Amino acid sequence: MGSSSNTEAMDTDAPSLSITVERNPSQARLQQLGIKSWPKWGCPPGKFPVKFDAQQTCYFLRGKIKAYIKGSNECVEIGAGDLVVFPKGISCTWDVSVAVDKHYKFDPS
C-alpha cells in the first residue's frame, strides 16, 4: 500500500519529462525527416543551462554532451549521430565536452 501512495505522489508532483535519444538513425529516416533542410546551431565546450519552451528535435553532426535534467538524477549522454527529442518544458544543464554542431527543428504545439 505504501508504494502505491508514493507512486501517486510522484504522478501528481510534476510531469516527468525525459529526453529521447535515437542512436545512429538510418539515412532513410534522416531523409524522411528532412534533417538537411533544418537550421544548424553549434557551441563550444562549456557548461550552461538550457530550457526548452517548445519541443525540439535535433540531429547531432558532431560533439559530445551530458544533459543533466533539472529536478532529476537523470543524465543523458548525447553525441555525434544521435537524433534527440527535448520535450517542451524540460530544463537541463548541458555539460559540453566536445564542441557541438547540430541540425534542429522546433515542433509546433
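Biologist: Which residues touch the most other members in the largest nonpolar core?
Modeller: Ile-19, Phe-60, Ile-78, Phe-86 and Trp-94, out of 19 residues in that core. A nonpolar core here is a set of buried Ala, Val, Leu, Ile, Met, Phe, Trp, Tyr and Cys residues joined through side-chain atoms within 4.5 Å. Buried means under 20% relative accessible area, exposed over 50%, partly exposed in between, with a 1.4 Å probe and protein chains only. This is a predicted model, numbered from 1 along each chain as its sequence is written. Local features need pLDDT of at least 70, side-chain atom pairs count only at pLDDT 80 or more, totals for chains, interfaces and linings use all residues, and side-chain values use heavy atoms, without hydrogens and water.

Biologist: Which elements give two or more residues to this core?
Modeller: β4 (55-69), β5 (75-79), β6 (82-86) and β7 (91-107). Strands are DSSP runs of E, at least two residues, numbered from the N terminus.

Biologist: What is Phe-60 in contact with, leaving aside neighbours within four places in sequence?
Modeller: Its partners include Ile-78, Val-84, Trp-94 and Val-100. Contact means heavy atoms within 4.5 Å.

Biologist: New topic. Is Asp-95 buried or partly exposed?
Modeller: Partly exposed, because its relative accessibility is 27%. Asp-95 is in strand β7. Beyond four places in sequence, Asp-95 touches residues including Lys-47, Lys-64 and Tyr-68.

Biologist: And how far is Asp-95 from Pro-45 in space?
Modeller: 7.6 Å, C-alpha to C-alpha, though they are 50 residues apart in sequence.

Biologist: Where does pLDDT stay under 50?
Modeller: Over residues 1-14, which have zero contacts beyond four places in sequence. pLDDT is the predictor's confidence in each residue, from 0 to 100. The protein's mean is 88.

How values were computed. Helices (H or I, at least four residues) and strands (E, at least two) are DSSP runs, numbered from the N terminus.
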